[in-house]
Amino acid sequence: MIKMEHIHKVYRPQSNPVNALQDVNLHIKTGDFVAVMGPSGSGKSTLMNVMGCLDTASSGTYWLGGVEVSSMNSDQLAAIRNRKIGFVFQNYNLLPRMNALLNVELPMLYAGIDKEERSSRALDCIGRVGMLNRLHHRPSELSGGQCQRIAIARALVNSPDIILADEPTGNLDSVTSEEIMSIFQSLHQEGHTIVLVTHENDIAAYASRILLFRDGRLNSDEVLSPSPRTIPNLVMNGDAL
Amino acid sequence: MNLTESIRVALDSISSNLLRSILTTLGIMIGIMAVIAVVAVGQGGQQTIMKEMDKFGSNLFQIMLDWRRDEPPTGNEFTMQDLEIIKTNVPELKYLLPCASSYSQIKKGSQTKTAQILGTEADYARLHPLDITAGRFLTNSDCQSRRRVAVIDEEMAQELFPRDNPLGKRILIGNQSLIICGLVKSDSSPLALGTKYVYIPIRVWLDIYPEGNISYIEGSTRNLEDITLAMQNSIKILEKRHRNEDIYQGVDMEQQIKAVNKVTGVMTLVIGIIAGFSLLVGGIGVMNIMLVSVTERTREIGLRMALGARRRDILLQFLIEAVVLCLLGGIIGMVLGIGCAFLIAALAKWPPLISWTTILLAFAFSATIGIIFGILPANQAANMDPIEALRRD
């Protein structure tokens, strides 16, 4: 599903170069549930931006779903983000003036899907995150956990190849975090490919594979045992804490 | 994203900041309002004047003493003899008649009224569309034999004889007693300003006002093309007879119409320039608020980009918002302008003329301002870096 080869990302290459990513080689298969961990400044955000096609790598090649995206222009990248990637953000990023249903419909607006199809697909996705009773609530009328459920529904609505979740439980209490993570877990079981950035071990423990970044390099790549909720020592002793 | 969605988003964004949006479009509102009101009233006025002139017929001319001269034109006044000589020497003329007018009192018993007393001849009714509602107008024999008769307008008749039939009744003008021989419909046009008229034979008028003189001469020709020639020849005869030059001034209706058009043209230009500045200022206001809006909604822009909005989707969204904002201002301005036009017209007593061209122009203008002043903010929004935009608080 995702293949990265020799990915480098350099910020401010002229004046004061910062090597955010250095020679990252990565392969994520369809159906993987990957947690990306690392201390701040380790390059995990940059990796997410490149992986999410919000940014392009300085060098290297990046294939997403069999398409090479590293050389695409901004319109093509917009189309990739629209159809192949579902974003879930730490701060939900719902539009405050729109109700839950319209927020979920938003990605389909840019995909040019007609009104009936939009609302039926949005309802389907909202149903999957258990929010059908809050369709016409605005984000300000919803709790953080409810907002994140709506955001997940929005990420699912164009049937993306991968779901990119950037600290999705960062603003939530532990009970709500568990609820949200169980949604990701069931999406994983349905066969979705998920890449999750987190610095919390117990959140990372839901994943089936953990990528640890340090100083812009992929430091370790650990496949977890099928039984979730056990936290490998590697991560426990890592810089994540 | 299609157009209706974009417009819906724009309306949503405008309504969520309603007060700010209204204040923003105030400049455009006022500009459009001023244009609509002034154009409507101006065109209404022009139409009224034109209608008034049409009544006289375009082959009519008038010769009067030039009032612009410093010294009063004593000794050069028109005489009845002048008219006779002009008539025989200018073959193009169809009618030529003297007009003498004074604004003075009419008595009936103890009642006193004031009216415009016009001394003229029978042909006056051929040059002006008088509507005789009872009796008859002045006749040639009235005029030749100085018959003491008067034709009054209906409003005057109503005031003097509210219950009786005024025909055959006597009124007193100056020291002369006159018999009412006919009624004409009152001039209801706004330019008449409610003046009441009494028509009497010219010679009778001159008897009543021995100090008075013929105020002006009216004439018309058989053919429209001859009008300037006939007028000039008549003036030449007058100048020769009075041994004076540049003292008689002639106007024909063509000239009058041209003068009116020139005045309205200048007025339209001046208003256009003022409105242009107002709309320019309004447009800058819209640009300013759109820049604020783009900054405020940086996160939204970043999110929309992350969800798949292309740069041109974002550009279009903000451009449409600017256009919708301007159009709303334009529509409100238009409604207010039409209201103002009706108000002014009601006070001025002439109908406002609101043409589709004006309305369409106002629409097009508002939309154009939106596009011109929306480009910069929309472009700024479209060129944002999605990562930076998403990170913004």
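Colleague: Which residues lie nearest the centre of the second largest pocket, and how many residues line that pocket?

Modeller: Happy to walk through it, keeping in mind that this is a predicted model. The pocket has a lining of 20 residues, and those nearest its centre are S45(A), N49(A), F89(A), D166(A) and R391(B). Its space comes to about 510 Å³.

Colleague: Which helices and strands supply at least two residues each to that lining?

Modeller: From chain A there are α1 (44-51), β6 (85-88) and β7 (162-166), and from chain B there is α14 (386-391). Helix α1(A) gives the most, with five residues.

Colleague: And how do the lining residues divide into nonpolar, polar and charged?

Modeller: Ten are nonpolar, six are polar and four are charged.

Colleague: Let's turn to the cores. Which residues have the most contacts inside the largest nonpolar core?

Modeller: A nonpolar core joins buried side chains through atoms within 4.5 Å. Here the largest one has 72 residues, and M4(A), L47(A), M51(A), Y62(A) and L64(A) have the most contacts inside it. Helix α12 (residues 311-348) of chain B gives the most to this core, namely nine residues.

Colleague: What is L64(A) in contact with, leaving aside neighbours within four places in sequence?

Modeller: Its partners are M1(A), I2(A), C53(A), V69(A), I80(A), K84(A), I85(A) and I162(A). There is also a second, separate core of 44 residues, with V104(A), M108(A), L135(A) and V157(A) among them.

Colleague: Finally, how is chain B divided into domains?

Modeller: Domain 1 covers 3-52 + 258-391, while domain 2 covers 74-246. Their C-alpha centres lie 55 Å apart.

Note on methods. Residues numbered from 1 in each chain as written. Chains lettered and ligands numbered in written order. Predicted model: local features only at pLDDT ≥ 70, side-chain atom pairs only at ≥ 80, totals over all residues. Heavy atoms only, no water. Buried < 20%, exposed > 50% of the residue type's maximum accessible area, 1.4 Å probe, protein only. Helix = DSSP H or I, 4+ residues; strand = E, 2+ residues; numbered from the N terminus. Contact = heavy atoms within 4.5 Å. 1 Å grid on protein atoms, 1.4 Å probe; cavity = no way out; pocket = protein on both sides within 12 Å on 5 of 7 lines; lining within 4 Å. Points joined across faces, edges and corners; volume = space filled by probe spheres on them. Nonpolar A, V, L, I, M, F, W, Y, C, P; charged D, E, K, R; others polar. Domains from an automatic or database assignment.
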